[in-house]
Amino acid sequence: MINPTEVNSLIRLLDDPDGEIFEHVHNKLFSYGAEAITYLESAFEEAFDPIQQERIANLVHEIQFSNLKNDLKLWNQSGAFDLLQGVLIINRYQYPDLDEQKVINQIEAIKRDIWLQMMNEASPKEQVKLINHVFYNIYGFSGNTSNHLDPQNSFLSQVLETKKGNQISLAIIYSIIAQKLDIPVYGVNLPQHFILAYLDESVQSEFESGILFYINAFNKGLLFGRRDVDMFLKQLNLKFDKQFYEPCSNTDIIKRVIRNLISAYENLGSADKVRELNELLEIMDNPGGVTVASFQ
């Protein structure tokens, strides 16, 4: 437990003009971690000095970002099994105070509406047709074509609120819902695009890996086949690579979300955000030698 009197005394010293005193106070408050945030936010509301307000805001962000990095590292090292949890951690970068249970409930509501209409003997294509109907027609999700570079397209909470997202955010929500319904739909890391694959190893198909067909979540759940992927790669002058056809890991998905955010903030000229997001990418690239789970 931290001492409230001591914390508040330290906060009052945050606007000290002496650099050494400020650094000592800053480091001491930072060491308290998340426990100090409530006190810092209360002090921010009462502060009139713009220097003190700025330093409080920066310190709150530093603590929250440090916690986010730790959570992401733990998620990655633990096997990255829960994609929703990984996306929620990234969501905290812009929305640290978000009620994450609200996001979980929104996804559960979509899943429930699909489940209520799902027939037991539905074929894979019938299952996807139903998901598409509920996801796009009833809930109104669509690709954000007018403002594709907006960073909000990559934050799960905002995509669920606005019903608009980029290729990967829509595909993530789509695949999470499908998997909750025991429908084997997984992300495929195509260059310049992100698609989904319906995987069924028990069914004979034209693919060795058991992929029945692909789904374009950005284009209202359009179904297509391997030849379409071949043609897409040919247009990009890319040679055959197995990873362009098969499901990728949850780690790869989160790394792609981070890279999308880096591009979005580079476009906006937000150098600090680009630097911090590169730190998150570094965590994902160096999981500490722990084997990262595949999509299964």
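Glu276 lies in helix H12, which covers residues 271-285; helices here are DSSP runs of H or I with at least four residues, strands are runs of E with at least two, and both are numbered from the N terminus. The model is predicted: local features need pLDDT of at least 70 and side-chain atom pairs count only at pLDDT 80 or more, while totals for chains, interfaces and linings use all residues. Residues are numbered from 1 along each chain as its sequence is written, and side-chain values use heavy atoms, with hydrogens and water left out.

Is Glu276 buried or exposed? Glu276 has a relative accessible area of 9% and is therefore buried (buried is under 20% relative accessible area, exposed over 50%, partly exposed in between, with a 1.4 Å probe and protein chains only). Leaving aside residues up to four places away in sequence, Glu276 touches His61, Phe65 and Tyr93, where a contact means heavy atoms within 4.5 Å. Between Glu276 and Phe65 there are 8.5 Å in space, C-alpha to C-alpha, and 211 residues in sequence.

## Helix H9

H9 spans residues 167-180, 14 residues in total, and reaches 20 Å from its first C-alpha to its last, close to the expected 20 Å; the expected span is 1.5 Å times one less than the number of residues. Of these 14 residues, 12 are buried, among them Gln167, Tyr174 and Ala178. Asp182, which follows H9, has a positive phi near 60°.

## The cavity

One cavity of 30 Å³ or more turns up in a search of the whole structure. A cavity is a set of points, on a 1 Å grid over the protein atoms alone, where a 1.4 Å probe fits but cannot get out; lining residues have an atom within 4 Å of a point. The volume is about 50 Å³ for the largest cavity, counted as the space filled by probe spheres set on the points, with grid points joined across faces, edges and corners.

Its lining consists of Val87, Ser154, Phe155, Leu156, Ile168, Ser169, Ile172 and Val257. H9 supplies the largest share, three residues. By type, the lining has six nonpolar residues, two polar and no charged (nonpolar: Ala, Val, Leu, Ile, Met, Phe, Trp, Tyr, Cys and Pro; charged: Asp, Glu, Lys and Arg; polar: the others, Gly among them).

## Chain and confidence

The protein chain has 12 helices and six strands, and 46% of its 296 residues count as buried. Mean pLDDT, the predictor's confidence in each residue from 0 to 100, is 91 for the protein chain, with 94% of residues at 70 or more. Residues 289-296 have pLDDT below 50, and this stretch makes 15 contacts in the model beyond near neighbours in sequence.

Notes. On a 1 Å grid over the protein atoms alone, a cavity is a set of points where a 1.4 Å probe fits but cannot get out, and a pocket is an open set with protein on both sides within 12 Å along at least five of seven lines; lining residues have an atom within 4 Å of a point.
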